[in-house]
Amino acid sequence: MDTNTLHTTTLEKLYGPVECEIIRQDDKIRIVHLKDKKGVSRTVGVVKFYNTDHHPIKSVHKTIQAGGLLGKTLQQSKIDYKKEIIGAVPVRLPDWIKNDFITDEEHSMALISKIKVRDSSGKPLLYTVIIEVLPPNLSSGHVQDIIRKQDIDHDILPLFELTDLIIENIIL
């Protein structure tokens, strides 16, 4: 179990309890706000699900689909998983995200990561690819490698478009 890189844990240390507000969800895609107790969005998460029908992830996935926080649900389930941060991408924030972050800042960072789980035979399976759009006040403290748009997997690029995020090859 990999608890060192759970974004919800970091947010809860900074802001207290965090809850998930689902913006869009279907079998393959989930877009959420991670909001603090005052209702301020502290992260916009864009998730693409893979391999959801394998034991032991199948029952955990149902809890997540029912509105559970992804990282916290994985952690509480004691499932064997690993979150790997691929890198950070500079983005221009659309108005709807700026409004929910309560900021006038135009730019921020989005972290791209993937979570792998082990199936019942011990084989690692890709469970999710996640884009975590950080508010500008949280984006400066991350030390992940910056990824250029042309280096992002073509399977991930449409996730940015779903939220009107514009990838910019700038350094913040």
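Which residues is Pro136 in contact with, leaving aside its neighbours within four places in sequence? Hold that thought for a moment, everyone, and thanks for coming. What we are looking at today is a predicted model, and I would like to walk you through it piece by piece.

So, back to Pro136. The list is Leu93, Phe101, Thr103, Glu105, His107 and Ser108. Pro136 itself lies in helix H5, residues 136-139. Is it buried or exposed? It counts as buried, because its relative accessible area is 15%.

As a quick reminder, strands of a sheet pair through backbone hydrogen bonds, either parallel or antiparallel.

Let me pick out strand E6, residues 124-133. How many of its 10 residues are buried? The count is 8, so E6 is mostly covered, taking buried to mean under 20% relative accessible area. On one side, E6 pairs with E5 in the antiparallel sense over 9 bridges. Along that pairing, Ile112 stands opposite Ile131 in E6, and Arg118 stands opposite Pro124 in E6. E5 and E6 form a hairpin with 5 residues between the strands, and there Gly122 takes a positive phi near 95 degrees. E6 also pairs with E3, again antiparallel, through 6 bridges. Here Lys48 is the residue that stands opposite Val129 in E6.

Next, the helix lying across these strands.

Arg42 is buried, because its relative accessible area is 15%. Its side chain makes a polar contact of 2.9 Å with the side chain of Asp36. Not counting residues up to four places away in sequence, Arg42 touches a whole group of residues, including Leu11, Tyr15, Phe101 and Pro135.

In soluble globular proteins, nonpolar side chains tend to be buried together. In this model, the largest nonpolar core has 23 residues, and those touching the most other members are Val89, Ile112, Ile131, Val133, Ile152, Ile156 and Phe160. The elements giving two or more residues to this core are E2, E3, E4, H4, E5, E6 and helix H6 (157-162). A second, separate core has 15 residues, and Leu6, Ile57, Leu74 and Tyr127 are among them. Going back to Val89, its contacts beyond four places in sequence include Met109, Ile112, Ile152, Phe160 and Ile167.

In helix H3, residues 70-77, the residues Leu70, Gly71, Thr73 and Leu74 are buried. Looking down the axis of H3, these buried residues fall within an arc of 165 degrees, so they line one face of the helix.

Most residues other than glycine have a negative phi, and most peptide bonds are trans. Asn51 counts as partly exposed, because its relative accessibility is 31%. Thr52 is in that loop too, but it counts as buried, because its relative accessibility is 18%. Beyond four places in sequence, Thr52 is in contact with Ile57, Lys58, His61 and Tyr127. Further along the loop between strand E3 (41-49) and helix H2 (57-65) we reach Pro56. The peptide bond from His55 to Pro56 is cis, with omega near 10 degrees.

One last stop: Ile102, in the loop between helix H4 (95-101) and strand E5 (107-118). Ile102 is not a glycine, yet its phi is positive, at about 55 degrees. Ile102 counts as exposed, because its relative accessible area is 63%.

Key: Residues numbered from 1 in each chain as written. Predicted model: local features only at pLDDT ≥ 70, side-chain atom pairs only at ≥ 80, totals over all residues. Heavy atoms only, no water. Helix = DSSP H or I, 4+ residues; strand = E, 2+ residues; numbered from the N terminus. Buried < 20%, exposed > 50% of the residue type's maximum accessible area, 1.4 Å probe, protein only. Polar contact = N/O pair within 3.5 Å; in protein donor to acceptor, adjacent residues only side chain to side chain. Contact = heavy atoms within 4.5 Å. Arc of directions from axis to C-beta. Pairing = 2+ DSSP bridges. Core = buried A, V, L, I, M, F, W, Y, C linked by side-chain atoms within 4.5 Å.
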